[in-house]
Amino acid sequence: MRPLQELVRTNIWNLTPYSCARDEFKGRAASVFLDANENPYNGPLNRYPDPLQEALKEKLAVVKNVAPGHIFLGNGSDEAIDLVYRIFCEPKEDNVVAIAPTYGMYGVCADINNVEYRAVPLNDDFTLDADRLLANTDEHTKVLWLCSPNNPTGNAFRRETIERLLNDFGGIVVVDEAYSDFCDARPFRLDLDRFPNLIVLNTFSKLWASAAIRLGMAFASEDIIGLFNRVKYPYNVNQLTQQQALKMLDDLPHVNQWRKTLLSERAHLLPAVAELPICKKIFPTDANFFLVRVTDAESIYHYLIDRGIVVRNRSRVQLCGNCLRITIGTPQENNILLGALRQYR
Ligand code: PMP
């Protein structure tokens, strides 16, 4: 890895971050808070939330097996994605390299930040070609975007290929593991000590069934997390979200049950879809969704919509001609989907 200072934008490296009132006062007992211009009434929501979400990180550290100092929390993973650009990529000068197809926000945030986005196609079977990715990097490439299991293809990439990129690329490698809870492979967040250029993304929006609270996680070296904390909005994760996430973390048996149910539903639904006359190919999946190539994606998409069933039409996405992306639902929802698809003519 190149020295961190070389990878970080100069204005960010030199930034004096905002200092919150509660940052300055810490650790001693107090009961009269007259430091932050809050209204004393309407407690407890009258108070600013903990800017570094320490209680939440303590609990998360145990569940994720990552020390609190290696955790950043944001307003969805989307905040962490945007921060990666703002920290590392000089607009109009630097570039990033990503796979195609993949999650759309990496490209949208590149456009918003005026940073060149180099989309490098996966192989036809959606596997990853490390050489092709590396061949598209140059001295201005600051970030490599990987998503594993990948959205919308569903497959996880081979660990050796990702490790090769972490070792051979001198910049930052982001591995978005939003869907890794549905995959047996060892998650990369457990290997932060081996890869100083690694940033792993996780989210409460998938297995944790909490998309509404907007809570995303980034795991990285303490130095990189320090940069995230300096650049983020001071109170980026609101109090209601912190409270609700703490509650979810106390309910692990429930979350584990969801995982079991969804994996078992996935195991039933895929072969059933594969048998339908409309199915040309089902791509292997390690996520809570799957990509299927059908006879006529456009027509089937609208047929399902007419029956109140919404799936994602990905047929205009690179390498995904005539493909629908379908999320695993409850057993009842999956049966409704199958019933409708069986009646399609
Ligand atoms: N990463 C991937 C790969 C995703 O598919 C999604 C949502 N579809 C996200 C991140 C967004 O996560 P969040 O809700 O935490 O912003």
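**Elements lining the second largest pocket.** In this predicted model, α5 (77–88) and β11 each supply at least two residues of the lining of the second largest pocket. α5 gives the most, with three residues. The volume of this pocket is about 460 Å³. It is lined by 27 residues, and Y103, N151, Y179, K206 and R325 are the closest to its centre. By class, the lining divides into eleven nonpolar, nine polar and seven charged residues.

**The ligand and its shell.** The ligand takes up the space of the second largest pocket. Around the ligand are 13 residues, of which S77, D176, T203, S205 and R214 come nearest. The shell has four nonpolar, five polar and four charged residues.

For N151, a side-chain N or O atom is 2.8 Å from an oxygen atom of the ligand. For Y179, the corresponding distance is 2.7 Å. For T203, it is 2.6 Å. On its own, the ligand has 400 Å² of accessible area, and the protein covers 91% of that.

**The largest pocket.** This pocket has a volume of about 560 Å³. Its lining has 23 residues, with T327, I328, G329, T330 and E333 nearest the centre. Twelve of the lining residues are nonpolar, seven polar and four charged.

**Elements lining the largest pocket.** α11 (252–274), β11 (323–327) and α13 (331–343) each supply at least two lining residues. The largest share, five residues, comes from α13. β11 supplies at least two lining residues to the second largest pocket as well.

Methods
Residues are numbered from 1 along each chain as its sequence is written. This is a predicted model: local features need pLDDT of at least 70, side-chain atom pairs count only at pLDDT 80 or more; totals for chains, interfaces and linings use all residues. Side-chain values use heavy atoms; hydrogens and water are left out. A residue is near a molecule or strand if one of its heavy atoms lies within 4 Å of it. A polar contact is a pair of N or O atoms within 3.5 Å; within protein, one must be able to donate a hydrogen and the other to accept it, and residues adjacent in sequence count only if both atoms are side-chain atoms. Accessible areas come from the Shrake-Rupley method with a 1.4 Å probe; for residues, only the protein chains shown count as cover. On a 1 Å grid over the protein atoms alone, a cavity is a set of points where a 1.4 Å probe fits but cannot get out, and a pocket is an open set with protein on both sides within 12 Å along at least five of seven lines; lining residues have an atom within 4 Å of a point. A molecule sits in a cavity or pocket if more than half of its atoms lie within 2 Å of its grid points. Ala, Val, Leu, Ile, Met, Phe, Trp, Tyr, Cys and Pro count as nonpolar, Asp, Glu, Lys and Arg as charged, and the others, Gly among them, as polar. Grid points are joined across faces, edges and corners, and a volume is the space filled by probe spheres set on the points. Helices (H or I, at least four residues) and strands (E, at least two) are DSSP runs, numbered from the N terminus.
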